[in-house]
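Here is a short report on how the pieces of one protein model pack together. Look at the strands and helices as you read.

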Amino acid sequence: MKKSIRIGAGLGFYGDAWEPVLASIEKGGVQYVASDHLSELTLAILQKDLQRDISLGYARDVVPMLVHLWPAMKRLGVRFICNAGGLNPAGAAATIKAAFLAKGWQARVAVVTENGVLPQLKMLAPAHMFNGAPFDSVSDRMVFANAYLGARPIVTALEQGADIVITGRVADAALFLGPLVHEFKWNLGDGDSSATPTDLNRLAQGLAVGHLLECSGQGSGGNFGSLQAWKAIPDLAHIGYPIAEVDGDGTALITKAPGTGGRLNFDTVRQQLLYEVHNPHAYLSPDVVLDLSTIKLEDLGQDQVRVTGATGHPRPEQLKVVGGYRDGFKAEVTWGFSWPDAYDKALAAIGMVKTQLADKAVPHEALFVELPGLNSAHGALAPMPDAQALADLNEVWVRMVLRTNDKKAADGFGRLFPWMGLSGPAYSCGFHGLHNTSELLGIWPALIDRSVVESQTQVEMVQT
C-alpha cells in the first residue's frame, strides 16, 4: 500500500489564529502540523522582549496554542513543529513544560537551537546582503544575529521521538520539509555528493509543499487579491488552513479540512506559490534550490489541487543570517479633522508641526507623513481625488512619524500637538499616540558559511 503523509498548516505569523489548526487536527486527518511564527520584524519584537526579560524572546502565543491543541493532538497522534522559539527556544520549551506539568500532561519536547551567531558575524563582518553596505557601519550597534536553519535538526528531533519540536529561526518551508524527510527517509545530502537528481527533485517538491502551507489561511483563499474574485471565497470567518497529502515521490494534494471556509483552486494556490519569490527559477533554501517554473498545478475541484514537477538543484554553500542593530527611535501621532474644509485643515496642521520642528531645531533623520484613507496604502502611486472631491470629504486623518537618533527628541514629539486642540484649525477629531516613543531595530541580512552555523546547532529533548 502506498504511503502518504498529511501535514497541516499552523500559524502564518506571531498572533495568527489557531482555531483552524484544531479543525485540521480533528477533521483533516493530519499526522503533523508545522507552524511558522517568525518574520524578520518578529525577531525585532522578540529582541525587545528579551531586553526587558531574559526569560522571554520567543513567540508567546505558542504556549496557549499548544495548551488548546494538545488534547486533540495526543488523542489522534499528531506531532507539532514550529519556529516559535525565536531568539530563545529553550525559554519557550521551559514555559511549555511548566504549562503541561500544571495540567498533568506528558509530552516529549525537542529544542533546536544554534545559540545565535553574533560573535561569528562580528568576526566575519559580512557586507549587507542587498545593498553591499559595510558591516563596520553597524557592528557596535548589533544586538542579535541568527541563521536560517534547514530541515536537518527537525529530522533529528523527530527521529528521537519528539511530539513537539521547538526551533528558532528555521527557514519557513523547512518546517514542513522536515517531517517529509523523516517519514520517507529522503536523502538530504548533508554536504556530500550523495544527493541524486531524484533526491533533489523530491526535496524540491517538499519545499514547494512547505511554501504553499507556510502562510496559514493565505494558502486557502485568505488575502486573495484578484479583482472582484476575492468576493467568491466562501466563509472566511471559518477558514480552513491548507493541508498537504504527500506521497513518497513528493507528489502532493493540497486540500483542507471538510466543512471549513476558504477555497483551494488553481488561482488561490498559484498566488501563494508566487508569494515572496524573487527568482522563480532559484528559490533558495538551506536544503535545496527549488525551480518553481517546472511545477504543474492541476485543479481537481472540491478544494483539491495536485502539485507535481518541482525541480531541485544542490543547496547553497552559505546560509542567510538575519541580524538586528539599534537604529534610533521613532514617535508617531495620528489625528484628524472633520468637515468643512477637512483636507485644507489637515494640510495646515501638518505645516504647523513642521514649523515647530524647524523653530525648535528638533534633530531628526526623517519625517513621514501620510493621509490614511487617501494615500497610505499605495503612497505616490495613489491618485488623489480632484479638488472638489477633496473639499467635500467628511473627514481627513493624518499620520506623522518622526525618526531620530535622539531619544529626547522622540519623547518630545507628542508635545507639538495638543495645543492645536484649541489654537489650531477647527473641529479636530483628537490626537492619538502622544507618548509612544519606541526604539527602532534595523535588520542586517547577510550570508555566512553554513559550517559556522551547523557546527553549533543542537537538539535537546525535554520530557514534561
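## Strands, helices and their contacts

A145 stands opposite G323, which lies in strand 13. The model is a predicted one. The two strands involved are strand 5 (residues 142–147) and strand 13 (residues 318–338). They pair in the antiparallel sense, over five bridges. Is strand 5 enclosed or open to the outside? Six of its six residues are buried, so strand 5 is largely enclosed by the rest of the structure.

Ten strands build it, in the order 10-11-8-7-1-2-3-6-4-18, and the pairing is mixed. Strand 10 (296–299) and strand 18 (458–463) are the edge strands, each pairing on one side only. From one strand to the next, the twist averages 20 degrees. Strand 10 pairs with strand 11 (residues 305–308) in the antiparallel sense over four bridges. There, E298 has R306 in strand 11 as its bridge partner.

Helix 4 (residues 89–103) touches strand 4 (108–113), strand 6 (164–166) and strand 18. The direction of helix 4 makes about 165 degrees with that of strand 4.

Now turn to helix against helix. Two packed helices are described by the angle between their axes and the distance between the axes. The table gives these values for two pairs.

| Helix pair | Axes come within | Crossing angle |
|---|---|---|
| Helix 6 (residues 152–159) and helix 7 (residues 174–184) | 8 Å | roughly 45 degrees |
| Helix 7 and helix 8 (residues 197–213) | 7 Å | roughly 140 degrees |

Take helix 6 and helix 7, whose axes cross at roughly 45 degrees. That angle makes helix 6 oblique to helix 7. Their crossing is right-handed. Which residues of helix 6 meet helix 7? They are I154, V155, L158 and E159. On the helix 7 side, the partners are A174, L175, G178, P179, V181 and H182. By class, the residues of this contact are seven nonpolar, two polar and one charged.

Helix 7 also meets helix 8, and their axes cross at roughly 140 degrees. Because of this angle, helix 7 is oblique to helix 8. Helix 7 passes helix 8 in a right-handed crossing. Helix 7 contributes F176, L177, L180 and V181 to the contact. Helix 8 contributes L203, G206, L207, G210 and L213. The contact of helix 7 with helix 8 has seven nonpolar, two polar and no charged residues.

Go back to helix 6 for its buried side. P153, I154, V155, A157 and L158 are its buried residues. These buried residues pack against helix 7 and against several strands: strand 2 (32–35), strand 3 (79–82), strand 4, strand 6 and strand 18. After helix 6 comes G161, with a positive phi near 90 degrees.

Finally, look at a single residue. I25 is found in helix 1 (residues 19–27). Is I25 buried or exposed? Its relative accessibility is 3%, so I25 counts as buried. What does I25 touch, leaving out residues up to four places away in sequence? Its contacts are V30, V33, L69, A72, M73, L76 and V78. A94 is 69 residues from I25 along the chain, and their C-alpha atoms are separated by 25 Å.

How values were computed. Residues numbered from 1 in each chain as written. Predicted model: local features only at pLDDT ≥ 70, side-chain atom pairs only at ≥ 80, totals over all residues. Heavy atoms only, no water. Axes fitted to C-alpha atoms, helices over the stretch in contact; angles between N-to-C directions. Parallel < 35°, antiparallel > 145°, perpendicular 65-115°, else oblique. Left-handed = near helix turned anticlockwise from the far one by under 90°. Contact = heavy atoms within 4.5 Å. Nonpolar A, V, L, I, M, F, W, Y, C, P; charged D, E, K, R; others polar. Pairing = 2+ DSSP bridges. Buried < 20%, exposed > 50% of the residue type's maximum accessible area, 1.4 Å probe, protein only.
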